[in-house]
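Subject: A structure to look through

Dear colleague,

Please find the structure below, and take a moment to look it over before reading my notes on what was found.

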Amino acid sequence: MNIKILSRTKAVKLSYTDFADDKVIISIKDPWAENAHFNSGNSSIKEILYLSFYDISEETKDIFSGYSSMAPDDALKIAHFVNKWKDKADTIWVHCEVGVSRSAGIAMAIMEYLKMDLTPILKSTRYYPNMLCYELTQKAFNDLYEKENGV
């Protein structure tokens, strides 16, 4: 399994050129933005999970504040999505608007769940993982594991 952290622009462009392996996409956008438009003719894209939340590192619960962070429900959707595809897809693309914070935090939790080396993210000067995204996704994977294994 490969994990790619991408910006929105790079993910959309790659959807028109990368037909090499079966992939799934976790597509994260700001709440005001439209969903990314991927190449619908790319048969290597098996499924896209669309999520919408701001790059905020503290959980916000006030829906009237105008700012919404990642929520536990978003993380649970990611955990189920990854669990569904981990043995079927070759690559998971995780993208957010810039490909630096939200996507890196989520990718880090996915990599940890899949027992992959986190060094490419932790030692990189390009990524600044959103720790709320990481912690919520990590917790969702743990909860899913416990539920499936009766722990």
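Which residue is the bridge partner of Ile26 in E4? The bridge partner of Ile26 there is Val94, and in E3 Ile26 stands opposite Leu49.

A word on the source: this is a predicted model, in which local features need pLDDT of at least 70 and side-chain atom pairs count only at pLDDT 80 or more, while totals for chains, interfaces and linings use all residues. Residues are numbered from 1 along each chain as its sequence is written, and side-chain values use heavy atoms, with hydrogens and water left out.

Strands (E, at least two residues) and helices (H or I, at least four) are DSSP runs numbered from the N terminus, and two strands pair if DSSP finds at least two bridges between them. Strand E2 (residues 23-29) pairs with strand E3 (residues 45-52) in the parallel sense over seven bridges, and five bridges join E2 to strand E4 (residues 91-96), again running parallel. Because seven of the seven residues of E2 are buried, this strand is largely enclosed by the rest of the structure; buried means under 20% relative accessible area, with a 1.4 Å probe and protein chains only. Lys23, Ile25, Ser27 and Lys29 point one way from E2, whereas Val24, Ile26 and Ile28 point the other way.

Turning to the helices, H3 (residues 102-113) and H5 (residues 131-149) pack at an angle of about 30°, with their axes 7 Å apart; axes are lines fitted to C-alpha atoms over the stretch in contact (heavy atoms within 4.5 Å), and angles run from 0 to 180 degrees between N-to-C directions.

With best wishes

How values were computed: Buried < 20%, exposed > 50% of the residue type's maximum accessible area, 1.4 Å probe, protein only.
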